[in-house]
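Please consult the sequence and the structure shown here while reading.

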Amino acid sequence: MSKFWSPLTASLVPYVPGEQPKDKAYIKLNTNENPYPPSPRVIEAITAAANADLRLYPDPTCEGLVQAAAKYYGLSARQVFVGNGSDEILAFAFAAFFDPAKKILFPDITYSFYKVYAKLYGLQTELIPLDEQFNVQVDQFHSDNGGIIIPNPNAPTAQLISLEQIKMLLDNNPNQAVIIDEAYIDFGGQSAVQLIQQYPNLLVVQTLSKSRSLAGLRVGFAFGSEELIEGLNRIKNSFNSYTLDRLALAGAIASFEDEAYFKETTAKVIHTRERVADQLLALGFKVTESKANFVFISHPSIAAEGIFKQLREKGVLVRYFAQARIDEYLRVSIGTDDEMDAFVRAVQEIVGL
Ligand code: PMP
């Protein structure tokens with residue numbers, strides 16, 4: 001608390017990001033980063049951009065990147081927005097579309113930044129419980145709301161809802177913005193992007209942080225009707241018109257030019273995930289069905305916090321949430337095969353098998 005803080009600052013409960021440890025080298029399975037490096041073409045493009053015009057401001061319209069993303073999904077440039085990570089885009093979208101006079105809806109167990117943004121913008125919230133198996137209960141999202149946001153797959157539970165369920169949600173809520181946060185969609189889900197042609201209230205948010213191995217570059221996207229994209233641009237240009245820097249723009253454009261690399265690394269992560277999920281099941285763990293680059297696991301007799309601490313001592317970092325209903329679970333990002341073999345060996349020692 002400081003006497004210099006505004007009432008807003010004093011009221012905030014900020015997001016606590018996953019650890020980026022500096023004390024020693026861990027097998028780092030705690031923040032859902034991709035274990036493979038970005039495409040070599042991305043590095044070449046960033047190097048070239050660094051040697052070119054850093055003296056000059058970047059393009060405030062991010063035109064080259066908007067075009068690349070539009071082409072990738074067969075959209076018009078006016079249906080695409082780019083931002084400094086999807087976190088920034090989500091913050092803009094909360095400000096741009098959600099109605100403070102009504103409650104906004106999201107799952108009770110979900111990406112914890114949503115609560116933070118709601119607080120930041122003075123929005124009321126109603127949390128819709130997951131079912132017993134941790135599925136998002138789409139039919140519980142009633143239509144008396146000021147906007148809806150759902151990650152697909154959900155985080156940290158890893159489960160997917162279908163495009164049919166998303167359509168149902170959109171049909172029931174034609175007068176509010178519905179945001180589908182697809183941070184992990186490339187690991188086995190089907191994107192809702194094409195539905196934006198039919199539903200002017202749908203905003204689909206994606207990122208290069210996970211499937212494109214570019215968490216360090218901070219690049220995110222939103223896809224939606226021209227009116228939604230214009231809304232996001234109004235917020236952005238009232239805040240910082242140069243959101244993406246020249247290096248990020250160059251690297252992000254290049255990542256769209258190397259489809260083969262992206263497909264190969266994504267397939268490797270999915271393959272490793274399935275293998276590790278089977279191994280964990282054989283060790284007695286409960287494993288939710290994952291369509292993300294992480295698994296969400298629970299052991300019937302050993303406390304998750306204890307496993308988390310022992311793994312940490314063994315040099316393996318995973319994510320533990322001291323939060324009701326999921327405090328017996330761990331979220332484990334999918335690393336390389338070697339990293340996951342080391343993780344499974346460490347877990348075997350802990351569970352005594
Ligand atoms: N949405 C979800 C559901 C996430 O888990 C994350 C990553 N922590 C993000 C959005 C943000 O990703 P980024 O800002 O790196 O694009």
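## Overall architecture

The structure is a predicted model. The protein contains 11 helices and 13 strands. Its radius of gyration is 20 Å, close to the 20 Å that the globule rule gives for 353 residues, so the protein is as compact as a globular protein of that length. The C-alpha trace spans about 55 × 50 × 50 Å along its principal axes.

Of the 353 residues, 44% count as buried. Among contacts with a separation of 6 or more, 73% are accounted for by residues 24 or more positions apart.

## Annotated domain

An unreviewed UniProt entry assigns the annotation "domain: Aminotransferase class I/classII large" to residues 26-346. This span is 37% helix and 15% strand, and its end C-alpha atoms lie 13 Å apart.

## The ligand shell

The ligand is surrounded by G85, S86, D87, Y111, P151, A155, D181, A183, T207, S209, A215 and G220. By class, this shell comprises 5 nonpolar, 5 polar and 2 charged residues. Helix α4, residues 85-97, supplies the largest share of the shell, with 3 residues.

## Helix α4

Helix α4 has 13 residues and reaches 19 Å from its first C-alpha to its last, close to the 18 Å expected at 1.5 Å a residue. Because 11 of these 13 residues are buried, α4 is largely enclosed by the rest of the structure. The buried set consists of G85, S86, D87, I89, L90, A91, F92, A93, F94, A96 and F97. G85, S86 and D87 also belong to the residues that surround the ligand.

Both strands and helices contribute to the cover over the buried residues of α4: it includes strands β2 (80-83), β6 (178-181), β7 (202-207) and β8 (220-223), together with helices α5 (113-120) and α7 (226-236). Of the residues that surround the ligand, D181, T207 and G220 fall within the residue ranges of β6, β7 and β8, respectively.

## Residue P107

P107 lies in strand β3, which covers residues 103-107. Is P107 buried or exposed? It counts as buried because it has 25 C-beta neighbours inside 10 Å, and the cut-off for a buried residue is 20 or more.

Leaving aside neighbours within four places in sequence, P107 is in contact with L127, I128, L130, V136, I150 and N154. By contrast, the C-alpha atoms of P107 and E44 are separated by 41 Å, the two residues being 63 residues apart along the chain.

Definitions and conventions: Residues are numbered from 1 along each chain as its sequence is written. This is a predicted model: local features need pLDDT of at least 70, side-chain atom pairs count only at pLDDT 80 or more; totals for chains, interfaces and linings use all residues. A residue is near a molecule or strand if its C-beta atom, placed from the backbone, lies within 6 Å of it. Helices (H or I, at least four residues) and strands (E, at least two) are DSSP runs, numbered from the N terminus. Ala, Val, Leu, Ile, Met, Phe, Trp, Tyr, Cys and Pro count as nonpolar, Asp, Glu, Lys and Arg as charged, and the others, Gly among them, as polar. The radius of gyration is taken over C-alpha atoms; the globule rule is 2.2 Å times the number of residues to the power 0.38. A residue is buried if 20 or more other C-beta atoms lie within 10 Å of its own, exposed if 12 or fewer, and partly exposed in between; C-beta atoms are placed from the backbone. Two residues are in contact if their C-beta atoms, placed from the backbone, lie within 7 Å. UniProt positions are given in the numbering used here, feature names are shortened, and annotations may be inferred rather than shown by experiment. The expected span of a helix is 1.5 Å times one less than its number of residues.
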